[in-house]
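Here are my notes for someone opening this one for the first time. Keep the viewer open and go through the points in order.

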Amino acid sequence: MVAALQCHDDIKVCRTCIGWLMSRAGGVDVTPTLPVSDMTVAVDFYEAAGFDVEKYDDGFAFVHLNEQSLFDLISTLRSRPTRTEPAAT
């Protein structure tokens, strides 16, 4: 899929080229991560709403629409690294 530039409709670019141009122009690509308490329910909900959901593991998933990444899901039950305090000397 390609799109024409606004000012130069004779020039067409694809999503890959748009991403490349964005990085060259100093743009930032950020994907929000939404916490969910039940990954199965969340995946079912977003799939029923018409999104494509790609599960990474039981605690993380990627949500896409028309091959465009929209946001990620992370289980609030997913184990997180614990912070350790330095030993007193």
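1. Contact here means heavy atoms within 4.5 Å. Leaving out residues up to four places away in sequence, isoleucine 11 touches Ala3, Ala4 and Leu5.

2. A word on what you are looking at. This is a predicted model, in which local features need pLDDT of at least 70 and side-chain atom pairs count only at pLDDT 80 or more, while totals for chains, interfaces and linings use all residues. Residues are numbered from 1 along each chain as its sequence is written, and side-chain values use heavy atoms, with hydrogens and water left out.

3. Now the overall layout. The protein chain has 2 helices and 6 strands. Reading from the N terminus, the order is β-β-α-β-α-β-β-β. Of the contacts with a separation of 6 or more, 34% are between residues 24 or more positions apart.

4. Accessible areas come from the Shrake-Rupley method with a 1.4 Å probe, and for residues only the protein chains shown count as cover. The protein chain's accessible surface is about 7300 Å², and carbon and sulfur atoms hold 56% of that. For single residues, buried means under 20% relative accessible area, exposed over 50%, and partly exposed in between (1.4 Å probe, protein chains only). Buried residues are 18% of the 89 in the protein chain. Back at isoleucine 11, the relative accessible area is 37%, so this residue counts as partly exposed.

5. Is aspartate 72 buried or exposed? Aspartate 72 is buried, because its relative accessible area is 9%. This residue sits in strand S6. Beyond four places in sequence, aspartate 72 touches Thr31, Pro32, Thr33, Leu34, Phe60, Ala61, Phe62 and Val63.

6. Two of those partners deserve a look of their own. Threonine 31 is in the loop between H1 and strand S3 (33–36), and proline 32 is found in the loop between H1 and S3 too. With a relative accessible area of 31%, threonine 31 is partly exposed; proline 32, at 42%, also counts as partly exposed. Setting aside residues up to four places away, threonine 31 touches Ser69, Leu70, Phe71 and Asp72, and proline 32 is in contact with Leu70, Phe71 and Asp72. Threonine 31 and serine 69 are 38 residues apart along the chain, yet 7.5 Å separates their C-alpha atoms. For proline 32 and leucine 73, 41 residues apart, the C-alpha separation is 8.6 Å.

7. Check the loop between S5 and S6, where you will find asparagine 66 and glutamate 67. Asparagine 66 is not a glycine, but has a positive phi of about 55°. Glutamate 67, also a residue other than glycine, has a positive phi near 65°. Asparagine 66 is exposed, with a relative accessible area of 58%, and glutamate 67 is exposed at 73%.

8. Next, histidine 64, in strand S5 (residues 60–65).

9. Last, the largest pocket. On a 1 Å grid over the protein atoms alone, a pocket is an open set of points where a 1.4 Å probe fits, with protein on both sides within 12 Å along at least five of seven lines; lining residues have an atom within 4 Å of a point. Which residues lie nearest its centre? Those are Gly19, Met22, Asp29, Val30 and Gln68, out of 13 lining residues. Helix H1 (15–24) and strand S6 (68–75) each supply at least two residues of the lining, and the largest share, 5 residues, comes from H1.

Methods:
Helix = DSSP H or I, 4+ residues; strand = E, 2+ residues; numbered from the N terminus.
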